[in-house]
There are 6 protein chains.
Amino acid sequence: MVFPFTAIVGQEQMKLGLSLNVIDPSIGGLLIKGEKGTGKSTAVRSLAELLPEISVSRGCAFNCDPSSTSLCSNCSERLSADGALEGEKRRMRVVELPLGITEDRLVGALDIEHALKRGEKRFEPGILADANRNFLYVDEVNLLEDHIIDLLLDSAAMGWSTVEREGVSFSHPARFILVGTMNPEEGDLRPQLLDRFGLCVCVHSIRDRNMRVEILKRRSRFDADPEGFLQFVQSEQNSLSEEIIRARENLPNVEIPDAILTRIVEITTEIHVDGHRSDIVMLRAARALAAFRGQERIEPEDIGDIVALALNHRLKRTPFEDVESGRKKLDELLDGLAGH
Amino acid sequence: MVFPFTAIVGQEQMKLGLSLNVIDPSIGGLLIKGEKGTGKSTAVRSLAELLPEISVSRGCAFNCDPSSTSLCSNCSERLSADGALEGEKRRMRVVELPLGITEDRLVGALDIEHALKRGEKRFEPGILADANRNFLYVDEVNLLEDHIIDLLLDSAAMGWSTVEREGVSFSHPARFILVGTMNPEEGDLRPQLLDRFGLCVCVHSIRDRNMRVEILKRRSRFDADPEGFLQFVQSEQNSLSEEIIRARENLPNVEIPDAILTRIVEITTEIHVDGHRSDIVMLRAARALAAFRGQERIEPEDIGDIVALALNHRLKRTPFEDVESGRKKLDELLDGLAGH
Amino acid sequence: MVFPFTAIVGQEQMKLGLSLNVIDPSIGGLLIKGEKGTGKSTAVRSLAELLPEISVSRGCAFNCDPSSTSLCSNCSERLSADGALEGEKRRMRVVELPLGITEDRLVGALDIEHALKRGEKRFEPGILADANRNFLYVDEVNLLEDHIIDLLLDSAAMGWSTVEREGVSFSHPARFILVGTMNPEEGDLRPQLLDRFGLCVCVHSIRDRNMRVEILKRRSRFDADPEGFLQFVQSEQNSLSEEIIRARENLPNVEIPDAILTRIVEITTEIHVDGHRSDIVMLRAARALAAFRGQERIEPEDIGDIVALALNHRLKRTPFEDVESGRKKLDELLDGLAGH
Amino acid sequence: MVFPFTAIVGQEQMKLGLSLNVIDPSIGGLLIKGEKGTGKSTAVRSLAELLPEISVSRGCAFNCDPSSTSLCSNCSERLSADGALEGEKRRMRVVELPLGITEDRLVGALDIEHALKRGEKRFEPGILADANRNFLYVDEVNLLEDHIIDLLLDSAAMGWSTVEREGVSFSHPARFILVGTMNPEEGDLRPQLLDRFGLCVCVHSIRDRNMRVEILKRRSRFDADPEGFLQFVQSEQNSLSEEIIRARENLPNVEIPDAILTRIVEITTEIHVDGHRSDIVMLRAARALAAFRGQERIEPEDIGDIVALALNHRLKRTPFEDVESGRKKLDELLDGLAGH
Amino acid sequence: MVFPFTAIVGQEQMKLGLSLNVIDPSIGGLLIKGEKGTGKSTAVRSLAELLPEISVSRGCAFNCDPSSTSLCSNCSERLSADGALEGEKRRMRVVELPLGITEDRLVGALDIEHALKRGEKRFEPGILADANRNFLYVDEVNLLEDHIIDLLLDSAAMGWSTVEREGVSFSHPARFILVGTMNPEEGDLRPQLLDRFGLCVCVHSIRDRNMRVEILKRRSRFDADPEGFLQFVQSEQNSLSEEIIRARENLPNVEIPDAILTRIVEITTEIHVDGHRSDIVMLRAARALAAFRGQERIEPEDIGDIVALALNHRLKRTPFEDVESGRKKLDELLDGLAGH
Amino acid sequence: MVFPFTAIVGQEQMKLGLSLNVIDPSIGGLLIKGEKGTGKSTAVRSLAELLPEISVSRGCAFNCDPSSTSLCSNCSERLSADGALEGEKRRMRVVELPLGITEDRLVGALDIEHALKRGEKRFEPGILADANRNFLYVDEVNLLEDHIIDLLLDSAAMGWSTVEREGVSFSHPARFILVGTMNPEEGDLRPQLLDRFGLCVCVHSIRDRNMRVEILKRRSRFDADPEGFLQFVQSEQNSLSEEIIRARENLPNVEIPDAILTRIVEITTEIHVDGHRSDIVMLRAARALAAFRGQERIEPEDIGDIVALALNHRLKRTPFEDVESGRKKLDELLDGLAGH
């Protein structure tokens, strides 16, 4: 049993970053930088508890969406044979990527046993199969081997995984929300890789004594009687879950005013971010936030509220260690730009 | 035959740290830092001799608790088939983790021989299976490979191990008391890993001549006639064993006054410990100590008596090499805070 | 679905470099140096969408050209048996080379399963087989292992791959357009390897605000309705495709005036480029450009327009980071030489 | 044929250290530090020639003692089946540990061939099986891999080896006398490991001309006629062998006066040796020496005669390179202490 | 199709070094040092086009000479069975050694498949078998692994390769002309290995404008119509081929005047070359040159013309980077010596 | 065909060192230090041509001496079965140890094929089997892996190799003459290993012009007509061979005067050589030289003539690079000592 998401004290940016990714997975995941013991992994695991159910092609090991045309090789065959795919409901979940994982475990491999017994080649799904349409959680992402992290980010970017082994080719959708954590004291990611995480948040332990006592109180209450504690926060959990579901549905209808596009470009050109990915991520995150808030269109405040999340890891040579101060700097920027 | 726990001269903090973990395994284990030849491994091995028996699901290789709902895949199946699990008594024991262990030996693997002969996949338990509800002892923990130590600490944190190999998934509870030793002269653990040990103690050889003569006397008496020596200390061994059993039973009933929570947070905010794990560990250790002492509630002295154990390895940049002086510094802190 | 090539804003040199290679693959590929997020991989993938179809020997895994005498071992046998090869149309495509690829996956290997079952040795094609007469795209080419990059560049130079495994020898044409990308912040290629890419371009993110807003607008329009967006640019896509096809046909007929040869040598001797590859590459690229522009012969302006592409990575010790300034310097050179 | 032990000229400390370990193996072995060519390996090999016979359980690959209750898994089974174990006599011997040994060769492994043929798992003994109740000789112990040396020292400390491989568990006693040699010019052992050798001796080549001529004379006589030379020293060999056997029998009867315990602790506290192992080793070595000398109790001179052997490798930061000078320093210490 | 050898502009030393080795393979190969793009590999490949045919034992995988007594194990057996070996004509060719080659691929290995199927051990030839009596071309020889380069140079020195695998021993002649290339910017060979190449040449790109235009002109003519170009130079190709064949035949008849021996030793003692290999190589190269020129005896000018080739890589600590200047220095030396 | 031993010009110390080892293999081999191209490997290979025949147990793969009691496991069995071993004559030969050799190839291994087919374990001899009673030649001995060189020197020291693999134990004599070469520019051996070579010689290229011309003349005569050249030197070859055979027979009868022992010790104590191996080696080498010279006893001049060979590699920190100067220094020493 995991400590409930809505009972987590503070850490609002981290919770926002996770929620926005659930609403629009094309934002591209979240990198959580922070010292030890700040509840990074608890937050991700507990979010999974209130994630909506998704409709999945019955029996599919790759969590294919029966209403999509982007299907794994098995479902594609079944669809052309039967004309339609039957669905079943599954909870979204958090799939963990173990350190030291091999490429075969990640992308799947041939089922040797099946091949030897039946004389036919069969594909054995890897972790990317489990992760399709779910969270993929990578603790200490900076300790992963380079070729694994590249495979991961490529799949995340393409939304698709193709494996070829001994003449067998198998493809399946791989649209997961990548959440990585890292302790910045233990070496950084290459800028190349940093940039491919949609959002980034820096977490710190809370220094406020009252909040700390509250954290300890909630934790000890949860330890003593986990089920009672869960009932206590159930309504909060439910309403957050519903807000997320509603936001996912409304996302395509959120309007994008031209002034918003201009504002985004003003910000990123002002602060000399490399490349164009920041523009697109800001646009998507602001749109998801607008949907989350139930708005019909993106407002300038939405930009202000996601700018740190989108730019934390893309600012050049001014490491944004302290989110608060970074936020202030960006707010000044926004004010300045607004004043034109 | 091992030198008896109660006949160990001195080293009170180490003995306390081990005992508290037996009373409440959720404290999260003990890291013993110390120079060579200070009896670290003897202490752990000898504690196992007086540990209480536990009730285990008959024949289960994973030491499942027949009264729990947290069961291995085999016991879960048996429970739903038979409606109940039969129990048997086993002694708790100390499972050692060899250096250079592979991931397969740690978490278990497929039984290839069985697969080839019978044509069915069967899971072969690893060391984490043996360790469930026992001590897991890792000598020179700083020499373990990173991915093994991560696996270990993850299992310790989750209390659960899940293995997937070639399409077979097997889960079992893995709630063990992790005891690691290390010689601080041979390199330190990363802070990330240090923090995940619940308690930490620094041991030194005893400089007092009379105590040293006593140690040598006891040892030579034990060498000459181990069984006679054991009879000599049997009653002490028994009473410690009973105290521990009683403390385990009373643990859930120990009250946690609000003033205790506040005091814990005062300490950790005063000394700037990273993260929130120290708060929770202090609370659990103090509660276990209160139960050990037969109290109804945690008293401020309990905090004072476990503060060094909980913070030794979490203090920033002021290495607490000398437990005594560290203790004094923390006592001042506590006095100062109490004086408000 | 990929963002369409003709809708890419700016990055003219990169688009030119890719197009010239499609017109004359003997130019030797393109190396794209640039910071993260500048759309390097999008450009290559989207070019593939409008590439012309090619005629391929029916069922050949190596994409053999049925009208050529340069054939894989299978097609050679079939040709001598049947007297002619049947053709089929296939689209050109972009084959990706994964980081961490093995030599066996690259050049092909024996089909062990087939050998065990049928008792005969059969060759299983590798990525070089897929790549024949297509693009071979290598992201972060500077991270490839040395022996892989050597194999790659050797095959590219020879246009041919020969594999020998356990007494079986298999050959097939391997004429692909090699496109590599690299982030210059992450270490450079050895000069030995740099020189073997025909052309090189340095890309940067666009700083002009209006262009950036335009990029963001197009991208968000494409995200919202990819198919609508594609229809919108279809005619532009078609006409570029036709221009390329026409240029390929006219290539052998473009005249090479002697003055052009002299001019090329003047440039390369003036700036002390090592080796003779630059002369030949400039000649081929200028001829491809002349064909692209529908000219009957190479004009001095064609030289001016490809000189940066051909020399960017061959200039000694004056790294040409900024294409624009590099271009200017070379233009001065050309003017000076023209003034003789 | 090996040069006889009693004909070795000089090197008295090395010969004493070996003999004491034969008398009481719980002393914990001997580390011989010394330059090349000082006869380290000859001494160990030649000692084996005059070692007493031991009684071994008939046919046991692990040299089990039929009169002990500490038995290998096979002998345990046979004992409960037959009620008693038959014995046979074997000579003690020197088992060598090759550099580059694998863990499987050291601790034993499954007999794969037997498993494939008979369908049952059988344990194939490793070098630790051979070594039980014998010498285990490790040349250049500082070049062993860390995990092998750890396995070795753990088995030496526990007197027991347990192997688990694919579900088969096998245990056997492993009480061997570990003798390691090292050239101090080629890097040292970690203090952690140094401390786990019971005794340590530093050997040097002999500088005295007469002794050197004597060595050369004996050697050339032995080379010319090994068997004649052996007959010549046979009586000396026999009487040493008998002295050792008698000492082993009398060992449990040697008295340990309290004043001896105090003296030991005075020495080790005076010179700040880490840990308590030195106290116990000194006590055991002094007792073995007393038994060797046929005394009824340990005398202060016995302490004086083994103090260098026990402390050579445990002195902090004052490397005891020259045994003679070290001996003098310790003698002063002993005199000083005695003067109190 | 390869650019023809005789149409290569300049690079006379490289062409001479290759030709002399074809005339007398015991010279010991050629090392070509030079920057990228100087046509090193084209020269070697194109030489193969005009190499003479050789007579080979029919069907022999090792290119055995049917008129020699130095035969592979198979031919030896056949010769003693049949009394004579039938010959067939084969063209000499250039065998390439891939980087990252394994020892098994180089020297050959057992044919496992044959062993499993037929129950007999059969030897599968390696690259040294192909290379016998041909060129063995190693691009970037300084990147080869040490044990491979040692195997290679040993076989080159012995002219013979013997392989023993699982009780089967197989021998065959391995007299190949080793040609290695290296870019001196990427690290040097160990002097030990340098010395074992018979000759060495340093190549540079040509700076002369007219020659560069000529190179470009020839290349573009060859690109446009390879077959036409080849016909154009066919007579030159033929006459070079004939000169080489005639020189091979006359080689044993070239006289070696004593004054030539003295002159060689004067040169090598004057410039302090290590070892005696330089003397022998100079003698052989001068004799091959005399034969190439159709002379009856070696003349002093022959020495002058090969001295740089033979000593380039053997001069101590005065790296001979610029062939021209090195040549001059050696010429002075020769003049000086001649003046005695 | 190899250049004949007696036709080698100069290099007297190397030739003497090899010859003495043939006369008395217990001297312990020869280490040849020298720059490239000084004919190190030619000398060893050519000596093999004139080595005497030895009597070998018929069909024995280990070259067992049928008149010895030191036999391989097979011959031991045959001897006890048949009562005697039949002999056959074989030439002594030079066995080469390839770089990168595995332990299995060196000491032998189980014959897996035989085991699978016949169901019985059989030992497949390694290179040490071939080497028994022959030369074992290791080119660039300083590049061997440490565990291989240790195995080698241990076998050389013990004269015996024992292999245990999966329960099969096989022993055979391994008395070979170890000859190692090394280029001192490429790193040295550890002193530990240096000391275990009996003798050591430093070779240089010859600077004398007349000798160089003579070398070149002989070599070119040999190249032109190897068989004629061999006939020319046949009588010299024969008489050297006979001298060696006679010396081997007389070796046990050479007297060792006491004054010789004293003189040896005077030398080694005077110059502070570590260990006692140098004394024994000097004695053995001087005795072999006396036998070679046909003397009845060792004379002081014999000591003088082998002192450099025995001490070259054992002198402390005064590297004896130049044999001549080293010889002089030692001669002074001898004179000085003689003057006492």
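The model is predicted: local features need pLDDT of at least 70, side-chain atom pairs count only at pLDDT 80 or more, and totals for chains, interfaces and linings use all residues. Residues are numbered from 1 along each chain as its sequence is written, chains are lettered from A and ligands numbered from 1 in the order in which they are written, and side-chain values use heavy atoms, with hydrogens and water left out.

**Where chain B meets chain D**

- In chain B, 29 residues are in contact with 32 residues of chain D. Contact means heavy atoms within 4.5 Å.
- The two chains, B and D, bury about 3,000 Å² between them, and 49% of that lies on carbon and sulfur atoms. Buried area is the accessible area (1.4 Å probe) that two parts lose on being put together, summed over both.
- On the chain B side, Lys36(B), Arg212(B) and Leu216(B) lose the most area to chain D, together 24% of what that side buries.

- Chain B and chain D share 4 salt bridges. A salt bridge is a side-chain nitrogen of Lys or Arg within 4 Å of a carboxyl oxygen of Asp or Glu.
- Arg212(B) forms a salt bridge with Asp279(D); their closest N and O atoms are 3.1 Å apart.
- Helices (H or I, at least four residues) and strands (E, at least two) are DSSP runs, numbered from the N terminus.
- Helix 9 of chain B supplies the largest share of that side, 9 residues.

**The sheet of chain C**

- Chain C has an open sheet of 5 strands in the order 4-7-10-1-11, with parallel pairing. Two strands pair if DSSP finds at least two bridges between them.
- Strand 4 (94-96) and strand 11 (199-203) of chain C are the edge strands, and each pairs on one side only.
- From one strand to the next, the twist averages 20°.
- Strand 1 (residues 30-34) and strand 10 (residues 177-182) of chain C pair in the parallel sense over 4 bridges. Leu30(C) has Val179(C) as its bridge partner in strand 10 of chain C.

**Helices across the sheet**

- Helix 1 (residues 12-23) of chain C lies across strand 1, strand 7 (135-138), strand 10 and strand 11 of chain C, and runs at about 160° to strand 11. Axes are lines fitted to C-alpha atoms, for helices over the stretch in contact, and angles run from 0 to 180 degrees between N-to-C directions.
- Helix 2 (residues 40-49) of chain C runs at about 165° to strand 7 of chain C.
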